Amino acid sequence: MDVEEMKKNADFLINTMKGMDIHGSATVNVRYKNMVNFAKVYGITDPKYVGSEEQGIIACHAFANYFTIKAIYKLLLGVKLNQNGKERGIMLDPGKLLHAGNRYNWEGCVDVKPGDKLIVTGKCIDVRLVEKNMMLFTDFLVNVKNQDNEPVCNITISAGFRKGGY
Amino acid sequence: MVRMSDLKVGQMIKNEFKGITRDLLKQYAKASGDTNPIHINEVVAKRAGLKGVIAHGLLSFGFITKLFEDFLEHGKYGKIIDIGVQMRGMVRCGDLLVTEATIEKIEGKRVQYDIIQTTFTNVDIKDNDGNLVKQFEAGERGYISEKDIERGLVKTKEVSEGILTYRERVATPGKAIIELYE
């Protein structure tokens, strides 16, 4: 793909996606086992996060990674766009995707517990092309709420697409 | 016990993790659902030009949340409000991952930290005559680039077996805000 085509594709994505609500939502069923396995990766031993199911536990903060990945795989990679009559995804080659950054905000949020059913929705808040290296950067705001519509976490995911990836 | 009156700008908290292995990456992939093969499959990672598997960017993030959870004794003295990071450098198996958070600002009961996550990657150990005593994965596979050398990231230090060459690189800078209860 030449530079002109990349610029055209970048313009299309900037004009189409900036401010766009991502269609649909992803559901994440939280299981006790997932939460404990996640905490164990980090060697967490506090019973608040890895205690028995009967005692009751909450998710460690790193567990936010779990729903971030679900958001990326189920929501963002599933976006279908129409460019000149042809259907395409946000990226043309997932191998060119770089996870550039993440911001998690838990202000006013409730804990995640086993049995929770999390609803993940997203919005594209920015798309920009860095012409120096032809990297296309996108920022997505992802809201995560539980089955009672209580906020669980608000995440900003920054992703970069290398040449040929958009 | 953590109280507002004990905290001052410039104070630092820190954790170190030396256990990044291929098994841990597989364990994380399974736990997180991030099964991108560049993290768990050598062949795919090499085909992607990475010279070997790299750690998940979000795996490192978990050591930042753990640092604050431990500091706040798991919610006993306060809560985590916000953490934002940029993923700048790849983390490899065998790396020492050091997470440091330094107080930048204190406003009311909120404390803002500047976060730096640094990787220490061992390359090799040579004796005083320059003979190779031990080579690490980074040396064998050529993880260290010319750019790393130009940027002054490759350093040496004396260890018991000889002179250790290693790379010290910031992998994940970021910011965090916590709120204390008193």
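**View 1. Chain A from end to end, with 4 helices and 7 strands.** Helices here are DSSP runs of H or I with at least four residues, strands are runs of E with at least two, and both are numbered from the N terminus. Starting at the N terminus, the order in chain A is α-β-α-α-α-β-β-β-β-β-β. The C-alpha trace of chain A spans about 60 × 30 × 25 Å along its principal axes. This is a predicted model, where local features need pLDDT of at least 70, side-chain atom pairs count only at pLDDT 80 or more, and totals for chains, interfaces and linings use all residues. Residues are numbered from 1 along each chain as its sequence is written, while chains are lettered from A and ligands numbered from 1 in the order in which they are written. The predictor gives the complex an ipTM of 0.91 and a pTM of 0.92. For chain B, the average pLDDT (the predictor's confidence in each residue, from 0 to 100) is 96, and 100% of the residues score at least 70.

**View 2. Strand S7 of chain B and its partners.** Strands count as paired if DSSP finds at least two bridges between them. S7(B) covers residues 162–180, and strand S2 (residues 78–86) of chain B runs antiparallel to it, joined by 7 bridges. Look for B:Gly78, whose bridge partner in S7(B) is B:Leu180. Strand S4 (residues 110–126) of chain B is also antiparallel to S7(B), with 16 bridges; here B:Ile125 is partnered with B:Leu164. Then there's strand S6 (residues 154–159) of chain B, antiparallel to S7(B) over 6 bridges. S6(B) and S7(B) make a hairpin with 2 residues between them, and B:Glu158 sits opposite B:Ile163.

**View 3. B:Ala176 and the largest nonpolar core.** A nonpolar core is a set of buried Ala, Val, Leu, Ile, Met, Phe, Trp, Tyr and Cys residues joined through C-beta atoms within 7 Å. "Buried" means 20 or more other C-beta atoms within 10 Å of the residue's own, "exposed" means 12 or fewer, and "partly exposed" is in between, with C-beta atoms placed from the backbone. The largest core has 77 residues, and those with the most contacts inside it are A:Phe38, A:Phe63 and B:Ala176. Two residues are in contact if their C-beta atoms, placed from the backbone, lie within 7 Å. Leaving out residues up to four places away in sequence, B:Ala176 touches several others, including B:Ile64, B:Phe68 and B:Tyr113.

**View 4. Where chain A touches chain B.** Each chain puts 25 residues into the contact. On the chain A side, helix H2 (32–41), helix H4 (64–76) and strand S4 (97–105) each supply at least two residues. S4(A) gives the most, with 7 residues. S4(A) also pairs with S2(B) in the antiparallel sense over 5 bridges, and you'll find A:Arg103 opposite B:Gly84 there.

View 5. Most residues other than glycine have a negative phi. A:Met134 lies in the loop between strand S5 (117–130) and strand S6 (135–145) of chain A, and counts as partly exposed because it has 18 C-beta neighbours inside 10 Å. A:Asn149 is exposed, since 7 other C-beta atoms lie within 10 Å.
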